[in-house]
Amino acid sequence: MARHARETEPAGPKPRERARTSMADDIEVSDNPGASRFEILLNGEVAGFAAYRLRAGKIIFTHTEILPEHEGKGLGGRLASAALDASRSSGRSVVPLCPFVARYIRRHPEYKDLVPEGYLDLLDEEA
């Protein structure tokens with residue numbers, strides 16, 4: 001009787017595969033004021049957004065989302081930095097109610113000066 005070799009998967013979890021954008025990918029971040037959000041476009045398609053509300057000299061970031069099929073490509077960081085750069089250019093201070101934006105500012109202290117003193121507690125890890 002012939003024996004058949006069976007291929008088996010290695011035991012344990014597979015390492016997470018992280019997709020990267022290629023040099024050929026066209027990435028653009030733009031403000032969509034009608035939808036009150038910054039959008040990151042990948043090859044012309046919305047891949048994610050950072051929602052906001054505008055109030056008296058402030059931009060309040062409420063939610064950031066990268067579509068599941070585009071996660072792990074570094075798009076969230078590119079979106080956050082572009083949105084924060086635009087906020088700085090507009091002269092608005094930033095209120096990071098969105099945990100992603102707060103974490104981004106915490107990890108990139110060059111943006112901390114955008115956050116008014118009364119909102120710095122939003123940058124705390126427990127917030």
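Helices α1 and α2 are roughly perpendicular to each other, a label used for angles of 65 to 115 degrees (under 35 is roughly parallel, over 145 roughly antiparallel, and the rest oblique). The structure is a predicted model, in which local features need pLDDT of at least 70 and side-chain atom pairs count only at pLDDT 80 or more, while totals for chains, interfaces and linings use all residues. Residues are numbered from 1 along each chain as its sequence is written, and side-chain values use heavy atoms, leaving out hydrogens and water.

Let us start with the helices. Helix α1 covers residues 75–90 and helix α2 covers residues 99–107; they pack at an angle of about 80°, and their axes are 10 Å apart. Helices (H or I, at least four residues) and strands (E, at least two) are DSSP runs, numbered from the N terminus. Axes are lines fitted to C-alpha atoms, for helices over the stretch in contact, and angles run from 0 to 180 degrees between N-to-C directions. On the α1 side, Gly76, Gly77, Ala80, Ser81 and Leu84 meet Phe100, Val101, Tyr104 and Ile105 of α2, where contact means heavy atoms within 4.5 Å. By class, this contact has six nonpolar, three polar and no charged residues (Ala, Val, Leu, Ile, Met, Phe, Trp, Tyr, Cys and Pro count as nonpolar; Asp, Glu, Lys and Arg as charged; the others, Gly among them, as polar).

Now to the sheet. Five strands form an open sheet in the order β1-β2-β3-β4-β5, with mixed pairing. β1 (27–32) and β5 (93–96) stand at the edges with a single partner strand each, so one side of each has no neighbour in the sheet. From one strand to the next, the twist averages 25°. Two strands pair if DSSP finds at least two bridges between them.

| Strands | Bridges | Direction | Opposite residues |
|---|---|---|---|
| β1 and β2 | six | antiparallel | Glu28 and Leu41 |
| β2 and β3 | six | antiparallel | Phe38 and Ala50 |
| β3 and β4 | eight | antiparallel | Arg53 and Ile60 |

The hairpin of β2 and β3 has two residues between the strands, and Asn43 takes a positive phi near 55° there. In the hairpin of β3 and β4, which also has two residues between the strands, Gly57 takes a positive phi near 75°. Helix α2 lies across β4 and β5 and runs at about 120° to β5.

Leaving out residues up to four places away in sequence, Leu84 touches Phe61, Val94, Val101, Tyr104, Ile105, Tyr111 and Leu114.

Beyond its neighbours within four places in sequence, Ser87 is in contact with Ile59, Phe61, Arg92 and Val94. Ala86, also in α1, is partly exposed at 31% relative accessible area. The C-alpha atoms of Ala86 and Ser30 are separated by 9.3 Å, with the two residues 56 apart along the chain.

Key:
Buried < 20%, exposed > 50% of the residue type's maximum accessible area, 1.4 Å probe, protein only.
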